[in-house]
Amino acid sequence: MAEKAENRSILAGDIGGTKTHLAIYTIRDGKLFAETKDIFPSRHYAGLEPVLEEFLTKRERKIDGACFGVAGPVVEGQVETPNLPWVLGAKRLAGVLNIPSVSLLNDLEAAAYGISTLEPQELVSLNEGAAAGRPANKALIAAGTGLGEALLYDDGRDYHPVASEGGHADFAPRNEIEIGLLRYLIDRFGHVSYERVVSGPGLLNIYSFLKDTGRYEEPPWLKEKIAAAEDPTVAITQTALSAQSGISVEALNIFVSVYGAEAGNLALRAKALGGVYIGGGIAPKILEKLKDGTFMRAFVDKGRYTDFVSSIPVRVVLNEQTALQGAAYYGLFCSNG
C-alpha cells in the first residue's frame, strides 16, 4: 500500500461552511507532503465544482484521485451541507475531475484520519489522564462554523474513524443559566442542538441571550465593534480574552463550559479511554481559556463517572488543517480508487 501511495498524487479538500481548503498531496520520505494549497471563501461559490475549476486551472498537475472531507452527513456518496447550500455527489465530482472515483468523508471523519498524521508539538494537553492499554477507543470533537464529533474505534491493531452527527443532538442544560439559555433558543429556533451553543454562531447566540434577557448590559462601544465586525464572534472572543467586557467574558465562560460538558458526554458514549481530541478552528484561538480549568471542570462533572472520565487524556489539536491532511491520508492509503 505504501509503495502504491508513493507514486500517487491526491487532491484533498476540507469543505467547511466558511472556508474550503484544497491541496494536492504526495508522499515524500514516507510522510504527507502538500505540493500546493489554497483557501476559498465557501459562500462566494455556488458549489464545489467552480472552486475545483479555479484551483486546478492555476496548476497543471495530474491527480490520481481525490478525497474531500465535508461538513455534513455523507450517505451513499452524496451530502447536502447543513451550513452551506451545496449538494455534493462523488460520481459527479469524479466526472468533473476526470478520474475513476472520488471519496467523500464527513469532515470529522477526515479529521479523525488526520490525527495519525500529527506531530507531538501540534497537540496541547488539557488533561494527562492515565495511559490505557489497547484496545482503547478515542474521540474527536471540533467546534467551528458548526460542531462535529467522531469516534475512533480501536480493534487492538488499528484505529477506525467512525462519522457521527452528534453535534446536532439535543442540547442538555446543566444549571439555571443554561436552562434559561435553552428556553431563549427554543423561542428562536424550535429545536436546539449542541451546535446552536458550541460553534461560532453558538457563541453569538449565548452573547445575544445574555444581552436580550437583561443579564448583562452591552456597552455602546462593544455594540459598535460587533456591528462593524465581519465576524461578530471574533469581536466577542477578543474582548473576552482581554477581559474588556463582562458580557463577553461570561459568554465565553458559558461556551467553554458547555463545550467541556459535551466533550465529556462524547467520552462516555465512545468509552474513549484512549483520549479525547479537541479540534476545529476555535480551540487554538481560545487555548488560554481552555487551559484555565473551565473546560475540564465541566468535562469531568459526570456524577458517579467523574473518576472514570478524569482518567481520560484530553488534548487540543493546534493544526487547523488536520481534516485536510486526513482526507489526503485516506485518499492515499485507504481508498480503493
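**Pocket, core and sheet in a predicted model**

Author: The second largest pocket holds about 250 Å³ of space. This model is predicted, with local features needing pLDDT of at least 70 and side-chain atom pairs pLDDT 80 or more, while totals for chains, interfaces and linings use all residues. Residues are numbered from 1 along each chain as its sequence is written, and side-chain values use heavy atoms, without hydrogens and water.

Reader: What makes a set of points a pocket rather than a cavity?

Author: On a 1 Å grid over the protein atoms alone, a pocket is an open set with protein on both sides within 12 Å along at least five of seven lines, whereas in a cavity a 1.4 Å probe fits but cannot get out. The volume is the space filled by probe spheres set on the points, which are joined across faces, edges and corners.

Reader: Why is Asn98 called exposed?

Author: Exposed means over 50% relative accessible area, buried under 20%, and partly exposed in between (1.4 Å probe, protein chains only). Asn98 has 71% relative accessibility, so it counts as exposed. Its phi is near 60 degrees, a positive value in a residue other than glycine, and it sits in the loop between helix H3 (90–97) and strand S7 (102–106).

Reader: And what makes Ala243 exposed?

Author: With a relative accessible area of 58%, Ala243 is therefore exposed too. Ala243 also has a positive phi, near 55 degrees, in the loop between helix H8 (232–241) and H9.

Reader: Which residues have the most contacts inside the largest nonpolar core?

Author: Phe255, Tyr259, Ile278, Phe295 and Phe299 do, in a core of 53 residues. Such a core joins buried Ala, Val, Leu, Ile, Met, Phe, Trp, Tyr and Cys residues through side-chain atoms within 4.5 Å. Helix H9 (residues 246–270) provides the largest share, twelve residues. A second, separate core of 27 residues includes Ile115, Leu140, Ala142 and Ala328.

Reader: What does Tyr259 touch?

Author: Contact means heavy atoms within 4.5 Å. Leaving out residues up to four places away in sequence, the partners of Tyr259 include Ile141, Leu147, Val198 and Phe295.

Reader: How many bridges join S9 to S12?

Author: Five, between strand S9 (residues 138–143) and strand S12 (residues 275–279), which run parallel. Two strands pair if DSSP finds at least two bridges between them, and Ala142 stands opposite Gly279 in S12. S10 and S11 also have five bridges, in the antiparallel sense, with Ala163 as the partner of Ala150.

Reader: What makes S8 and S11 edge strands?

Author: Strand S8 (123–127) and strand S11 (159–163) each pair on one side only. The open sheet has six strands in the order S8-S13-S12-S9-S10-S11, with mixed pairing. Its twist averages 25 degrees from one strand to the next; axes are lines fitted to C-alpha atoms, for helices over the stretch in contact, and angles run from 0 to 180 degrees between N-to-C directions.

Technical notes: Helix = DSSP H or I, 4+ residues; strand = E, 2+ residues; numbered from the N terminus. 1 Å grid on protein atoms, 1.4 Å probe; cavity = no way out; pocket = protein on both sides within 12 Å on 5 of 7 lines; lining within 4 Å.
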